[in-house]
Number of protein chains: 2
Amino acid sequence: MSSENSVNRDLILLGHGSGGKLSHQLLDDLIIPTLSGIALAGQNDAAVLEHGGRRLAFTTDSYVVDPIFFPGGNIGCLAVNGTVNDLAMMGARPLFMSTGLIIEEGFSRTELAEILASMRSAADAAGISIVTGDTKVVPRGKADRIFINTSGIGAVEHDLAISGANARPGDAVIINGTIGDHGIAVMAKREGLDLQADILSDCAPLNGLVAGIIAAGGEAVHVLRDPTRGGVATTLKEIALQSDKTITLHEAALPLNGAVRGVCSILGLDPLYVANEGKLLAVVAPEAAEGVLARMKDHPLGRDAAIIGHVTEGGGRVQMETAVGGMRAVEMLAGEQLPRIC
Amino acid sequence: MSSENSVNRDLILLGHGSGGKLSHQLLDDLIIPTLSGIALAGQNDAAVLEHGGRRLAFTTDSYVVDPIFFPGGNIGCLAVNGTVNDLAMMGARPLFMSTGLIIEEGFSRTELAEILASMRSAADAAGISIVTGDTKVVPRGKADRIFINTSGIGAVEHDLAISGANARPGDAVIINGTIGDHGIAVMAKREGLDLQADILSDCAPLNGLVAGIIAAGGEAVHVLRDPTRGGVATTLKEIALQSDKTITLHEAALPLNGAVRGVCSILGLDPLYVANEGKLLAVVAPEAAEGVLARMKDHPLGRDAAIIGHVTEGGGRVQMETAVGGMRAVEMLAGEQLPRIC
């Protein structure tokens, strides 16, 4: 990203919040060494903690999506499902959630009520209880309407070593459906695009789907990860780096909604880098892949599931076999493609 | 607060984030019924949860303090200590913390590094581990430099019924030191006041002090609460309402730094409503009060501890016996005295 070099390097850029390459640099160079010292291989969607002989998953996310209401959802259900999904990606059963609201003075109480109702519905659907919270109000112009933080605690009730560092040669990479729907739905609303086809955010809780994947795959389930900010490309690159393996994607196998494909084509966006909020990538041992895939297809959130790639030896690379038979390198999102997508 | 009636009632006001009366209205009318259905008597600084036969405390707070650097601390140590203290107020031992950063594009990486270092020092001092986090960046003008959410998990290892609903007639109300230091330190910096005496924020982790209080008082410790937003007055009113009791304060007994008294006097602020970040109110059975007080005075954060009031029968009232012998009613903070104090 050229602006990275052309501006004062002391400044935080939008790209530092993209979930892509700059985010990783900020995390690796400053945030993680200062706060926790967790190594790259330990970076997963949630921390897994031992307490009293039990394992808990713990995760946090702040939501700053713009617009706050979009086709298929709003910032409230997004904030609940996002944290539920981060717990689910550790194979954890979601238990408890906190919610921290930062509201701009003058925000509509009616809209707040709608957002809170959406949070409650999403929490009920995922089976998680919202048990504690906090509300701050800042003067007009000091925040953009509403930001929501959710933190979640889940119970890890399996003995599996599910981690981004656990991909193994021969493993299949499975996705549960079409890519890019959330990011394109939000962007189309934000830009006021008049689409002929409705594109809805895929925002959904994945814990039920994950329970099925674990039931079907057991120890064969090596990695679970939800491709949110930075999209499928960035998430696969993270897995490849953490596991020190190569992942090869098959472009023709990638499920893609035709309308999303059209918008991406018009706007010059690559759907591989567009955020999802109801998708997961499962990296599964080859002998279990078809069984896991079948189980996913039986779930309402997995009807379009597909095997989209495989893992081989070799250090931290992602490549894509294109539909016409070529091979191209896939890197993390550089800079910021769609700011404030979640 | 007259503006409450003169503006569109659908709008969120600064006072809804004050921690005072409007905050309680918003919580009671909208947020709690929608999200969780927790009753008034269940509203404490942290939720206490049962999992696997063990009790966990879970809490969240977002920090939006302005300025982000102030005498005695910055937004980073404030965010850590605030959440440590919410856990400590349930008598919980702090274990794990998350941190969610919302950063404005263009924020200084050097200042970010300083804030993170301060968070790490505060976490180390309190014995809590920062185990998971999230970073979002929003475009310039869409947030004010940096907001930090921290959520914390603690272990409740006692059988005590510590709760704001547990004050009993005859109980003593004890505070561990001077009131209003944090609020006045932040406000003086914000307003550029040239004070002859340094007023420092009292920002500190209270879990060590609480361990001593519980060791000394045991079952006699009925309530622990930290008087942050809304100050001592608002916190005592919350306790009086939750417990359905009357609390009588003795003005002459209130520890108050002379410089804070001076600034309050000049600016027309009542220190009873000014935020603290290293203070706690302990409501303790009379036979144990002197023992708890002595133990507090032995701790570096309790040297100026004092018995400042007592509990009697009667519904949800707080009153103050003034220094000249009068009696006045003490209500919750109405409106917003000092916005963005934490």
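This is a predicted model: local features need pLDDT of at least 70, side-chain atom pairs count only at pLDDT 80 or more; totals for chains, interfaces and linings use all residues.
A polar contact is a pair of N or O atoms within 3.5 Å, where, within protein, one atom must be able to donate a hydrogen and the other to accept it. By that rule, 25 residue pairs are in polar contact between chain A and chain B, with both residues of a pair at pLDDT 80 or more.

**Interface between chain A and chain B**

- The contact draws on 74 residues from chain A and 74 residues from chain B, and the area buried between the two chains is about 6,700 Å², with carbon and sulfur atoms giving 66% of that area.
- Of the area that chain A buries against chain B, 12% is supplied by Ile12(A), Leu35(A) and Arg109(A), which is more than any other three residues supply.
- Across this interface the rule finds 6 salt bridges, and a salt bridge joins the side chains of Asp61(A) and Lys136(B), with an N to O distance of 3.6 Å.
- On the side of chain A that touches chain B, at least two residues each come from the helices α2 (21-35) and α4 (109-126), and likewise from the strands β1 (47-51), β2, β5 (93-104), β6 and β7.
- The residues of that side of chain A divide into 37 nonpolar, 22 polar and 15 charged.

**Annotated domain of chain A**

- An unreviewed UniProt entry carries the annotation "domain: PurM-like N-terminal", which covers residues 44-156 of chain A.

**Backbone features**

- Most residues other than glycine have a negative phi, and most peptide bonds are trans.
- In chain A the peptide bond from Asp66(A) to Pro67(A) is cis, with omega near 5°, and Pro67(A) lies in the loop between β2 (54-63) and β3 (69-70).
- In chain B a cis peptide bond joins Asp66(B) and Pro67(B), with omega about 5°, and Pro67(B) is placed in the loop between β2 (54-63) and β3 (69-70) of chain B.
- Arg145(A) has a positive phi, near 65°, and is found in the loop between β6 (129-138) and β7 (146-156), where Arg145(A) is partly exposed, with a relative accessible area of 24%.
- Arg340(A) has a positive phi, near 55°, and lies in the segment after β14 (327-329); with a relative accessible area of 7%, Arg340(A) is buried.

Note on methods
Residues are numbered from 1 along each chain as its sequence is written. Chains are lettered from A and ligands numbered from 1 in the order in which they are written. Side-chain values use heavy atoms; hydrogens and water are left out. UniProt positions are given in the numbering used here, feature names are shortened, and annotations may be inferred rather than shown by experiment. Helices (H or I, at least four residues) and strands (E, at least two) are DSSP runs, numbered from the N terminus. Buried means under 20% relative accessible area, exposed over 50%, partly exposed in between (1.4 Å probe, protein chains only). Contact means heavy atoms within 4.5 Å. Buried area is the accessible area (1.4 Å probe) that two parts lose on being put together, summed over both. A salt bridge is a side-chain nitrogen of Lys or Arg within 4 Å of a carboxyl oxygen of Asp or Glu. A polar contact is a pair of N or O atoms within 3.5 Å; within protein, one must be able to donate a hydrogen and the other to accept it, and residues adjacent in sequence count only if both atoms are side-chain atoms. Ala, Val, Leu, Ile, Met, Phe, Trp, Tyr, Cys and Pro count as nonpolar, Asp, Glu, Lys and Arg as charged, and the others, Gly among them, as polar.
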